[in-house]
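Let me put the model up, and then we'll walk through it piece by piece.

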Amino acid sequence: MLRILRAAIVVVAALAATAAGAKDVAIGLQAAITSMDPHYHNLSPNNSLLQHVFEALILRDPQGKLMPGLATSWRPIDNLTWEFKLRQNVKFHDGSPFTADDVVFTLKRVPNVPNSPSSFATFTKPIVDIKVIDPYTIQFKTAEPHVLLPSDMASVAIVSKKNGEGATTADYNSGKAAIGTGPYEFVEYVPNSRIVLKANPGYWGGKQPWDTVTFKILSNSAARVAALLSGDVQMIETVPTSDIANLSHDKRFHLASTVTNRVIYVHLNQSTEGPPPFVTAKDGSALQKNPFRDSRVRKALSIAINRDAIDQRIMEGMAVPASQMLPDGFPGTSKNLKPPKYDPDAARKLLAEAGYPNGFALTIFGPNNRYINDAKIAQAIAQFYSRIGVDAKVETMPSSVYFTKATKLEFGYMLLGWGTESMEQGSGLRSLLATHDPAHGMGVNNRGRYSNPEFDKVLTEALETMDDAKRYAMIAHAAEIVFNDTGLIPIHYEKSTWGTAAGYHYAARADQYTLAMDLKPSR
Amino acid sequence: MVAYALRRLGQSFLVLVAMSLLVFVGVYAIGNPVELLVNPQADAIERARATAALGLDKPLAEQFLVFLRGALHADLGHSFVYNVPAIQLVLQRLPATLELAFCATVLAIALGIPLGLVAGLRPKSLVGRTIMAGSILGFSLPTFWVGLVLIMVFSVELGWLPPNGRGETVLLFGVPVSFLTVDGLKHLAMPALNLALFKLALLIRLTRAGAREALLQDYVRFARAKGLSASRVIGVHVLKNILIPIVTVIGLELGSVIAFAIVTESIFAWPGTGKLLIDSINQLDRPVIVAYLMVIVLIFVVINFAVDVLYSLLDPRVRLGGATAGAH
């Protein structure tokens, strides 16, 4: 009896929800949105949310491919000049027209946002001069050939000159200046609690399926799932792996998942001639030299990891074994690279050849609140290493502690992750594997200090090639050099999962963004 | 009384300075906020710019002096993450936490003292035993688990109460409160109950123990022998005499409820200061951590002061202010 009653209540509640709020939708987000100023904080959750209100010249489809946004077309005129044709008849939310002046204003504002903890100037810095040909044609001059300019422009949201002049970050947060061209208009921003948007009736891209969209910040994953189960929200992002099995068997809900641009990998500290921190002989005595400088040791430590087991047991299928920085099919990836095959016997042999027949001891360091199941992955790797005679201890810590120490190279073996925002392999290779030379923007995040002159040469040449097809072929070649040499140990690509109530369909995005534009009613 | 208040004030000021110094050194020892704030794809120039923009390029001692100078002008600095005055961020969220804490405390008092009295007066009865067994559950069940069970039962299964967030608010003396609207009460019910549960169990046990002890005292027997009514014996002779330890505990617990409502706030996505503190610690947002702790220290000072005053009202033998007491 009780069960029937309960079922009846659920049905009635569901009907009431569909009847009353057919055009309104609520979405549960994991991470807080720190500002409504699109140029204040270069942070994925902010960039994702602000795409509803502000648009860039170039947009990305769910697979990360560039597509026309406020610009209809773009092309390089010569090695140092790019020309963008702007979309005509686009209006900001206040009715004022969008022209090249707004683009100029935006690019001037980006490097000058006070107190910005992470600026968008990275994307606008290569531009040394802007030329407005007519209100709908604009040219960007760069000092050096800059092939990633279109990809950079996909990260810079265009604001209105009329409303943005003299506006501070606080004016954007209050909504006064939060006036863009996007499919949704600003209604309310309550930091760390909720953001409310309403449809922009004059949107150039056509009518949106939702009248209002409410984003709720539900950082606790159990609370987020409960909100979906109770019908308080119709979609949540980042479904915790432990709830995926339950939700996928429940007819009232849908899961949408896709492999993302984030790779989980290991950097091996090769900065020193002698042994790196926390790497010793098994009896605790110091090693003669740095074992990680030997390609055979790096390869042994890579093939000793059973990636399939990690992905099935720990990640519950929510990861794909990795062979490089981005999954197959993304620009600049190589088809010839396959995830290293699990082979403990070969690993032991390689260690013996390198002069460590009895292995050695190391400590695996990793964060415990940054990546999906990060601490568990570190523990699994340690167990695999015990099978090849390497004694591995595990030490994980909150990311607030971890990343500062990792950057100071206080660890020997570091578990890390990297999301490639440009969606092509070149930028990741450049930042993580090129020889460390931050003054020239090379190897900025190369915490392993891996250095390979042959690879550097091929990569540098590739990054200066303007022709897309040729450049990506060269980047793929560079990737083959560096991953056959095990410059770093790729573990897996994370999958992201969104949960929706039945009747809603989400087109899962490789950049992990949660966009109301990609959420559709399934009927 | 005035001298007493002044001395209290001076002590609290020293506590505030010492506490902010601790936070400065602590955050400095944990890590570099720029590592977490700056986009990983940024280059070295961008990192240097962000470090300078947040004032983190100066030596620690100088950073602390800059902070002290600002604090004297009532400026506790801007949040690294949100770029708004840190104190504003805390004060915006304080009403939500205070409301939750007060509702939980009122709930705990309103249920705890009567239930504790019943259990103390009839320790052997079925009712008394049930209350005591229930209080053990209140003590031993972890808050986060109870919170999730409440959500599963009342939101997911029954659909009676919303699972998260704060409801509609109205202004009361300029402060947004939600307990005056139906929607607000619906949102408030589960988090308040969840937060109250532990205090409730504590008050039941305290009241019961106090009542049992008082009932054996001579003055209670004497009052009974005098033929006073049962309600007067319990209400005046028993209750008033066991109230001092209870008031102390309520005062202490109120402070800790405000400061540590974090678990409940994060499970119910309650937009209060506890959640803000956790997020700020994870992001090493030092100005917010300092501002939050300053406010909490202040609240503790005020509550302790209020408890002292209450003592003197409840027990005429207690006098405030030590040496100056003779003047009264």
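So, let's start in the middle: the largest nonpolar core has 212 residues, and A:L429 and A:A478 have the most contacts inside it. By a nonpolar core I mean a set of buried Ala, Val, Leu, Ile, Met, Phe, Trp, Tyr and Cys residues joined through C-beta atoms within 7 Å. Buried means that 20 or more other C-beta atoms lie within 10 Å of the residue's own; exposed is 12 or fewer, partly exposed is in between, and the C-beta atoms are placed from the backbone. Helix α8 of chain B, residues 182-215, gives this core its largest share, 15 residues.

Quick housekeeping. This is a predicted model, where local features need pLDDT of at least 70 and side-chain atom pairs count only at pLDDT 80 or more, while totals for chains, interfaces and linings use all residues. Residues are numbered from 1 along each chain as its sequence is written, with chains lettered from A and ligands numbered from 1 in the order in which they are written.

Back to A:A478. Which residues is A:A478 in contact with, leaving aside its neighbours within four places in sequence? They are A:L429, A:F455, A:V458, A:L459 and A:A462. Contact here is C-beta atoms, placed from the backbone, within 7 Å.

Now for a strand in chain A. β19(A), residues 413-419, has five of its seven residues buried, so the rest of the structure largely encloses it. Helices (H or I, at least four residues) and strands (E, at least two) are DSSP runs, numbered from the N terminus. On β14(A), residues 253-268, seven bridges join it to β19(A) in an antiparallel run, and A:L268 has A:Y413 as its bridge partner. β17(A), residues 361-367, runs parallel to β19(A), with two bridges, and there A:F365 stands opposite A:M414. We say two strands pair if DSSP finds at least two bridges between them.

Elsewhere in chain A there's an open, antiparallel sheet of four strands, ordered β5-β6-β8-β7. Its edge strands are β5 (71-78) and β7 (127-134), each pairing on one side only, and the twist averages 20 degrees from one strand to the next. β5(A) and β6(A), residues 81-86, share six bridges, with A:S73 opposite A:K85. Helix α3 of chain A, residues 100-109, lies across β6, β7 and β8 (137-142), at about 170 degrees to β7(A). Axes are lines fitted to C-alpha atoms, for helices over the stretch in contact, and angles run from 0 to 180 degrees between N-to-C directions.

Over to chain B, then: 13 helices and two strands, and 40% of its 328 residues are buried. Its C-alpha atoms fill a box of roughly 85 × 65 × 35 Å along the principal axes.

One helix pair there: the axes of α12(B), residues 273-283, and α13(B), residues 286-314, come within 9 Å and cross at roughly 145 degrees. B:T273, B:L276, B:L277, B:S280 and B:I281 in α12(B) meet B:V288, B:I289 and B:Y292 in α13(B). That's six nonpolar, two polar and no charged residues, where Ala, Val, Leu, Ile, Met, Phe, Trp, Tyr, Cys and Pro count as nonpolar, Asp, Glu, Lys and Arg as charged, and the others, Gly among them, as polar.

Last stop, the interface. How many residues of chain B are in contact with chain A? It's 45, against 50 residues of chain A. By class, chain B's side has 26 nonpolar, twelve polar and seven charged residues.

Technical notes:
Two residues are in contact if their C-beta atoms, placed from the backbone, lie within 7 Å.
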